[in-house]
Amino acid sequence: MLLLTCPNCGAECAETELAAGGEAHLKRFGPGSEDGDFTSYLFQRKNPKGVHFERWRHAFGCGKWFHAARCTVTLEVFGTYSAQTTEPPKEIVDKVKAKRPEWEGW
Amino acid sequence: MKRYSAFAVAKEAFSYHQGWERAWRSPEPKGRYDVVIIGAGGHGLATAYYLAKNHGLTNVAVLEKGWLGGGNTGRNTTIIRSNYLQPPSAAIYDLAHTLYENLSQKLNFNIMFSPRGVLMLAQTEHELRAWKRTAHANRLAGIKSELVDAERVKSLCPIINIDGPRYPVLGGLWQPRGGTARHDAVAWGYARAASDLGVDVIQQCEVTGIDVEGGKVTGAQTSRGAIGCDKLAIVVAGHSGELARMAGFRLPVESVPLQALVSEPIKPCMDIVVMANTVHGYMSQSDKGEMVIGGGSDGYNAFTQRGSFQHVEETVRALCETFPILSRLKMLRQWGGIVDMTGDRSPIIGKTPVEGIFINCGWGTGGFKSIPGSGWAMAATVARGAPDEIAGPFSLDRFAEGRMIDESVAAAVAH
């Protein structure tokens, strides 16, 4: 069972309490942007075998969105952090680097 | 290749069955091939077989990281049906279904195709209307499937509880031609037939890099040395994103575990395949008597070939409601496969941004049933260098162009 700590309310939640929201930190492209950028934003995903930054919603709790850094191979959770950011905070990146020295960066 | 037959079995009996030859060759990789196919699952091996059989291309290698059919080909619930809603899907799945029907004879390998019928339950008014629409679409596409009422459901499968507490059975979509096949045998049969036609099937050979020069593929780096090629086909299901990254492009695909489980063997109690999409569970009984059970896929990306516990619980809870006789049954094994999901739940077959690289992925939860059709269309695409009329609608650029083939609404989860 995957356990994540909601950074908004502090509760440790099992995955049944959460809703997965897919890849985090997508750069959004709107009307007037290049077709390639728009397609990429809408459809293309990194889908890494390894460190993945993703969105979650504490659906059956405080109801708020947050982000998590997780390994898709071992399901190890490196940390969770506020959704009010456009890139992973330094302490999360450092935690990932400490545990995955070969990681190429997000 | 020695042909398998009743006569051959009798003949070999006189020599203590020591005269059987290996089913396929196990060659060392050559330095160069016309076509290199990455992934020796059902789809990769079928592609190799039809390249050799239909297009005369035999200087072909199939590279496999593990062993034949060790990925999703050996991890699915073996269901075969073709009653899809959208015309392009109906075309490719029905081609696959039709090829399955005499594949044992064509490959001279018993794939144990059993057209026992597939019943998809309607347990909400919405689902009943959706199946009605699918039944009409199937009739227009020339695929035999029919909408049946609850009484007919009960007579087709007496162990179903049609007055379920949450979701009573209102009817179902019944495809009598649907059924199951032995999944390993499909990989083995294609490998044996392809090997006999001259294709090199190379196991324990992991691709570690893809060589691209000036936007064109020149070969692949593998754990057994560099292999040059003119054309490269990526047919690796859940790991498609990893291979695409090696070649320098991205895909509209995300990998999630889909799991299945089997029970202890019991006496024959159901002779059809039943899919209950509203409650996320589908089941058939194997020849050994085990109940083969599939459920929903996980909601988040992962490469763990086991899946999450909550889905086991959801699946068995759903099935205990629909089939109350299962409530005391013990489960023997549970496993997961990594499926590659696209946004519209339809596959991707065709060219990629790199010249010479072709991709066949995105089958999501519906890969097994499509193996022969997928291999057929992929082989034509690779041989011609451009998609044929079956593969055409499934091209990678359909996302940019907005030509979705939406089966996600039509197929719900059990796809």
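# Notebook: a predicted model with chains A and B

I began with Y16(B), which sits in the loop between α1 (6-13) and β1 of chain B. I kept in mind that this is a predicted model. The phi of Y16(B) is near 55°, which is positive, and the residue is not a glycine. Is Y16(B) buried or exposed? I counted 7 other C-beta atoms within 10 Å, so Y16(B) is exposed; the limit for that class is 12 or fewer.

H280(B) belongs to the loop between β13 (273-276) and β14 (281-285) of chain B. Here 20 other C-beta atoms lie within 10 Å, so H280(B) is buried. A residue needs 20 or more such atoms to be called buried.

I found K132(B) in helix α5 (residues 125-141) of chain B. With 14 other C-beta atoms within 10 Å, K132(B) is partly exposed. I also checked K132(B) against R116(B): they are 16 residues apart in sequence, and their C-alpha atoms are 22 Å apart in space.

How many residues of α2(B) are buried? I noted eleven of the 14, so the helix is mostly covered. Among the buried ones are G42(B), H43(B), L45(B), Y49(B), Y50(B) and A52(B). What do the buried residues of α2(B) pack against? I listed the strands β1 (32-38), β2 (60-63), β11 (225-234) and β18 (357-361) of chain B, together with the helices α7 (183-196) and α10 (371-384) of chain B. Just after the helix comes G56(B), with a positive phi of about 65°.

In the contact between them, domain 1 of chain B takes part with 30 residues and domain 2 of chain B with 27 residues. On the domain 1 side, β3 (79-80), α3 (87-101) and α8 (240-247) of chain B each supply at least two residues. Which element gives the most to that side? The answer is α3(B), with four residues. By class, the residues on the domain 1 side are twelve nonpolar, 13 polar and five charged.

**Entry 6, chain A as a whole.** I moved on to chain A, which has two helices and six strands. In sequence order the pattern reads β-β-β-α-β-β-β-α. Along the principal axes, the C-alpha atoms of chain A fill a box of roughly 40 × 35 × 25 Å. Of the 106 residues in chain A, 25% are buried. I also looked at contacts with a separation of 6 or more in chain A: residues 24 or more positions apart account for 49% of them.

I traced an open sheet of four strands in the order β3-β4-β5-β6 (chain A), with antiparallel pairing. Why do β3 (19-23) and β6 (77-82) of chain A have one side without a neighbour in the sheet? They stand at the edges and each has a single partner strand, so one side of each is left open in this way. Neighbouring strands in this sheet are turned by 30° against each other on average, direction ignored. Between β4(A) and β5 (residues 65-71) of chain A, which run antiparallel, I noted seven bridges. One bridge partner I looked up was that of W56(A), which is F66(A) in β5(A). Helix α2 (residues 90-99) of chain A lies across β4, β5 and β6 of chain A, and runs at about 175° to β6(A).

Last, I checked the contact between the chains, in which 17 residues of chain A meet 20 residues of chain B. On the chain A side, α1 (35-42) and β4 (51-57) of chain A are the elements that give two or more residues. That side has six nonpolar, six polar and five charged residues.

Notes
Residues numbered from 1 in each chain as written. Chains lettered and ligands numbered in written order. Predicted model: local features only at pLDDT ≥ 70, side-chain atom pairs only at ≥ 80, totals over all residues. Contact = placed C-beta atoms within 7 Å. Nonpolar A, V, L, I, M, F, W, Y, C, P; charged D, E, K, R; others polar. Pairing = 2+ DSSP bridges. Axes fitted to C-alpha atoms, helices over the stretch in contact; angles between N-to-C directions.
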